[in-house]
Amino acid sequence: MSELTVIAIETPTLGDRSYLVHDGEVALVVDPQRDIDRVLALLDEHGVRLTHVVETHIHNDYVTGGLALAQRTGAQYLVNGEDDVSFIRTPVADGQVVEVGGRMRITALATPGHTFTHLSYALTDAGSRGDDGLDRAVGVFSGGSLLFGATGRPDLLGPEHTHDLVHHQHASAHRLAELLPDEAEVYPTHGFGSFCSATQSDASSSTIGREKQANPVLTQDEQTYVDELLAGLGPWPAYYAHMAPANAAGPSEPDLSPPGLADAAELRRRIEAGEWVVDLRSRTAFAAGHAPGTLNFGLDGGFATYLGWLISWGTPITLLGESADDVAEAQRELVRIGIDRPAAHATGKPEDWSDRPLSSFATATFADLAQVRHHRDVVVLDVRRADEHDAARIAGAVNVPLHELMDRLDEVPSGEVWVHCAGGYRASVAASMLDAAGRSLVAIDDSFDNAEKVGLHLVGPEA
């Protein structure tokens, strides 16, 4: 008999995975993203019928597509019975076994830590026997519990709960390690760049056995794990605060149809009204020429994460893309974090988007900064997170983290501003904000790893 098929559905821009599992006839889906058309296409491609949609937890980093997918397909929607939700679901509890077709069995396992009601799901195959004569343990869908080389963050429900949750997280990881055999695969939802992960790993797959050897939660004593994890936690995107309420309310299927078109005059009116008009092009193209007052969140970086983090929630957004496909890609990214309908869009070139002369600013490298500092004083603005800046920074640099910049523009010293981050993307977002505010600036499009190599004096414990 053939193996069960487990397909990871990647959402790399948010650092998450959903999963589709099938036996050739019926399927289950774990932690689906909002854009369920990807799942529906896979079901058609594999010729299988969806019978169960499973949530490991009420998500904090994206809007789920679980309810919409279940309603579209008639599948059962499995959500922890202890979760306070506003929709009809199939409640599940710790230890409950759910049969999916003739072969698949999933067992709900209470694994609090990322949230209090977090469940992992152990998958066994009744069509295959293990060495112990029992149904073969395929793996565990661990959500935000046991990740590759890490665990999910315990601080997203607020500081008043972090102490309890981090200790729960340790116990939950050990529960999975004790209940599952070493060869069982680990299928986490988070940990591929998601801010829901406490730390990051480069691994793309793992097993319980590998995690026992390498994951701090399983190799360290409890207090060491707790202390090191809490010491390493940084800020998380502000839009996370809106995700759990949206998920508890039961999100609808998204509308991905194109928003209305806006001409140059309408775009200017929207900018002057305080709305966000977002240029989706690369930072290089934006710096060379853009409509005045527009903001640059390129599709080639953490578009949704940083836009969702920085925007005042509810501010209308207009999207500017070189093509309709670019606008559609941005819409897809935005519905995943609950920004459902852009106010308008436009395609083409910046000359099409402005009824005034275009704005531009210079780009440079850290070597250019080292040279210019020999000749004149410039403001060096570091928009990395405070923990990055504290670890190693250019001497004399001013630190205003990108996610705080919009509210702290008046704190940027007067004069010519050279803005940098770790790789260029955040610096370009910051540069677009500074440019819209009328500042004279240069955006450093370079890796911070090069700063010391070109003679810039770094300070800090990792300098």
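Predicted model: local features only at pLDDT ≥ 70, side-chain atom pairs only at ≥ 80, totals over all residues.

Reply: Residues are numbered from 1 along each chain as its sequence is written, and side-chain values use heavy atoms, with hydrogens and water left out.

Me: What makes a space a cavity, and how many cavities of 30 Å³ or more are found?

Reply: On a 1 Å grid over the protein atoms alone, a cavity is a set of points where a 1.4 Å probe fits but cannot get out; a pocket is an open set with protein on both sides within 12 Å along at least five of seven lines. Grid points are joined across faces, edges and corners, and a volume is the space filled by probe spheres set on the points. The search of the whole structure finds 4 cavities of 30 Å³ or more. The largest cavity holds about 60 Å³.

Me: Which residues line the largest cavity?

Reply: A lining residue has an atom within 4 Å of a point. For the largest cavity these are Phe-195, Tyr-306, Trp-309, Val-383, Arg-384, Arg-385, Leu-402, His-403 and Arg-426. Helices (DSSP runs of H or I, at least four residues) and strands (E, at least two) are numbered from the N terminus; α10 and α15 (402-405) are the elements that give two or more residues to this lining.

Me: How much space lies in the largest pocket?

Reply: The largest pocket has about 520 Å³ of space. Of its 27 lining residues, Gly-193, Phe-195, Gln-200, Tyr-306 and Arg-385 are the closest to its centre.

Me: Why does the span of helix α3 agree with expectation?

Reply: The expected span is 1.5 Å times one less than the number of residues. The 21 residues of α3 (residues 159-179) should therefore span 30 Å, and the end C-alpha atoms are 30 Å apart, which agrees.

Me: What is the kink in α3, and where is it centred?

Reply: The bend at a residue is the angle between axes fitted to the seven residues ending there and the seven starting there. In α3 the kink is about 30°, centred on Leu-165.

Me: Which residues of α3 are called buried?

Reply: Buried means under 20% relative accessible area, exposed over 50%, and partly exposed in between (1.4 Å probe, protein chains only). The buried residues of α3 include Thr-162, Leu-165, Val-166 and Gln-169.
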